[in-house]
Amino acid sequence: MNHIEKMVVGYLFFNKVKIENANAISSPMTYGMPSITGFLGAFHALSRKVSSDENLQDLSLGGVLIACHDCTPKVYRPNPYSNYTFNQTRNPIKKDGSTASIIEEGKCNLTMSFVVEILAENATDDTTNDYLAKKCEQWIQQQRIAGGSVMGLARFDAVSFIEYSKIEEIIPRLMPAFVLMDASDDFSELINIAKEKNPDSTPLDVLLDVATLHHVPELQPNGSIKWLTQSVKTGYGWLVPMPIGYQGISEPFDVGVMQEVRNPEYPSQYVECVYGLGKWLYPHHLKGDYKILSAFWRYQQDVENNLFLVQQQVMF
């Protein structure tokens with residue numbers, strides 16, 4: 001039997017999804033915004049619900065465009081000169097009634113919009129599209145996104161179907177928000193600049209430098225000192241270090257070999273986080289030439305190099 005590859009037949013627009021207590025610690029080195037895998041994982045779970053519905057079993061969900069309207073980390077500092085710390089909770093109570101030790105975690109409240117590819121072998125009709133949007137509006141409120149609870153969506157047009165040829169019509173509906181884009185080209189340029197200044201510089205040095213503000217003293221003509229704030233990302237836009245996947249650091253273990261894993265029914269492997277640079281971009285920069293198609297994040301697997309990544313790749 002020949003396998004027919006699915007194609008993008010349209011998009012689902014999730015309008016202003018309010019998420020409470022999402023995981024704000026995205027990796028061992030970054031915080032403030034959940035990891036991309038937290039969002040893609042949520043829509044993968046939603047895709048499984050879609051495929052299990054007898055009226056939608058030929059459909060699945062693909063790449064995800066991520067747009068942030070608001071991100072509020074739950075932090076506290078006693079005075080304006082102190083460092084911020086995450087608000088911590090002590091829960092749940094143990095079986096004997098005693099309090100458990102505090103597990104350090106960071107939470108944030110989010111307002112996000114998502115555009116998700118609909119994959120099918122053939123084009124869908126209006127009845128199917130309306131049913132899919134209605135069911136997804138219901139399902140997304142029954143699951144977690146990036147560890148947080150979905151508290152609601154926009155009052156009007158919460159989840160709507162967008163035709164494939166009309167994807168650019170979504171751009172004004174995303175505003176005001178910032179769309180998360182891959183900034184690998186900027187990262188490469190910053191690495192080359194750093195190596196010209198110091199041949200021993202590493203990509204990790206550049207990654208950390210992007211998140212650093214340098215306060216440099218400058219002597220004024222009157223003999224006073226003026227402190228200037230400098231950053232290597234000046235002129236590059238809103239760059240942010242972020243995790244972009246994982247790299248295996250061991251051979252895969254068969255089912256049942258590794259203990260205390262989340263999903264013991266699947267093979268397991270030790271991995272380390274892979275980092276890159278992202279850029280928050282205002283949606284109007286994606287107008288024309290279907291640039292918005294480059295904003296969808298998808299899973300990519302490189303078995304030979306043991307890489308499991310989330311990347312953006314234009315798919316027409």
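**Exercise 1. Where is Arg298 found, is it buried or exposed, and what does its side chain touch?**

Step 1: Start with the place: Arg298 belongs to strand β14, residues 296-302. Strands here are DSSP runs of E with at least two residues, helices are runs of H or I with at least four residues, and both are numbered from the N terminus.

Step 2: Now look at accessibility. Arg298 has a relative accessible area of 9%, so it counts as buried (buried is under 20% relative accessible area, exposed is over 50%, partly exposed is in between, with a 1.4 Å probe and protein chains only).

Step 3: Check its partners. The side chains of Arg298 and Glu117 are joined by a polar contact of 2.5 Å. A polar atom of the Arg298 side chain also lies 3.5 Å from the backbone oxygen of Phe296. A polar contact is a pair of N or O atoms within 3.5 Å; within protein, one must be able to donate a hydrogen and the other to accept it, and residues adjacent in sequence count only if both atoms are side-chain atoms.

A word on the model before you go on: it is predicted, local features need pLDDT of at least 70, side-chain atom pairs count only at pLDDT 80 or more, and totals for chains, interfaces and linings use all residues. Residues are numbered from 1 along each chain as its sequence is written, and side-chain values use heavy atoms, with hydrogens and water left out.

**Exercise 2. Which residues of α1 are buried, and where do they sit around the axis?**

Step 1: Get the helix's dimensions. Helix α1 (residues 36-52) has 17 residues and reaches 25 Å from its first C-alpha to its last, close to the 24 Å expected at 1.5 Å a residue. The expected span is 1.5 Å times one less than the number of residues.

Step 2: List the buried ones: Ile36, Phe39, Leu40, Ala42, Phe43, Leu46, Ser47 and Val50. They cover an arc of only 155° around the axis, so they are on the same side of α1. The arc is that of the directions from the helix axis to the C-beta atoms.

**Exercise 3. Which residues of α4 are buried, and what covers them?**

Step 1: Helix α4 (residues 184-197) has 14 residues and reaches 20 Å from first C-alpha to last, close to the 20 Å expected at 1.5 Å a residue.

Step 2: Its buried residues are Asp186, Phe187, Leu190, Ile191 and Ala194. Their arc around the axis is only 135°, which puts them on the same side of α4.

Step 3: Asp185 and Glu196 are exposed on the other side of α4. The cover over the buried residues includes α5 (203-210), β12 and β13.

**Exercise 4. Which residues have the most contacts inside the largest nonpolar core?**

Step 1: Know the term: a nonpolar core is a set of buried Ala, Val, Leu, Ile, Met, Phe, Trp, Tyr and Cys residues joined through side-chain atoms within 4.5 Å. In soluble globular proteins, nonpolar side chains tend to be buried together.

Step 2: The largest core has 50 residues, and Phe14, Phe39, Ile66 and Phe114 have the most contacts inside it. Elements that each supply at least two residues of this core include β1 (7-23), α1, β2 (60-73) and β5 (107-120).

Step 3: Zoom in on Ile66. Leaving aside its neighbours within four places in sequence, Ile66 is in contact (heavy atoms within 4.5 Å) with residues including Ile36, Phe39, Leu40, Phe114 and Trp297.

**Exercise 5. How many disulfides are there?**

Step 1: Apply the rule: a disulfide is a pair of cysteine sulfur atoms within 2.5 Å. The count comes to zero.

Step 2: With a relative accessible area of 9%, Cys68 is buried.

Step 3: Cys273 is partly exposed, at 23% relative accessibility.

**Exercise 6. Which residues have a positive phi although they are not glycines?**

Step 1: Ala146 has a positive phi of about 55°. Ala146 sits in the loop between β6 (144-145) and β7 (148-152), and is buried at 12% relative accessible area.

Step 2: Asp157 has a positive phi of about 50°. Its place is the loop between β7 and β8 (159-163), and at 51% relative accessibility Asp157 counts as exposed.
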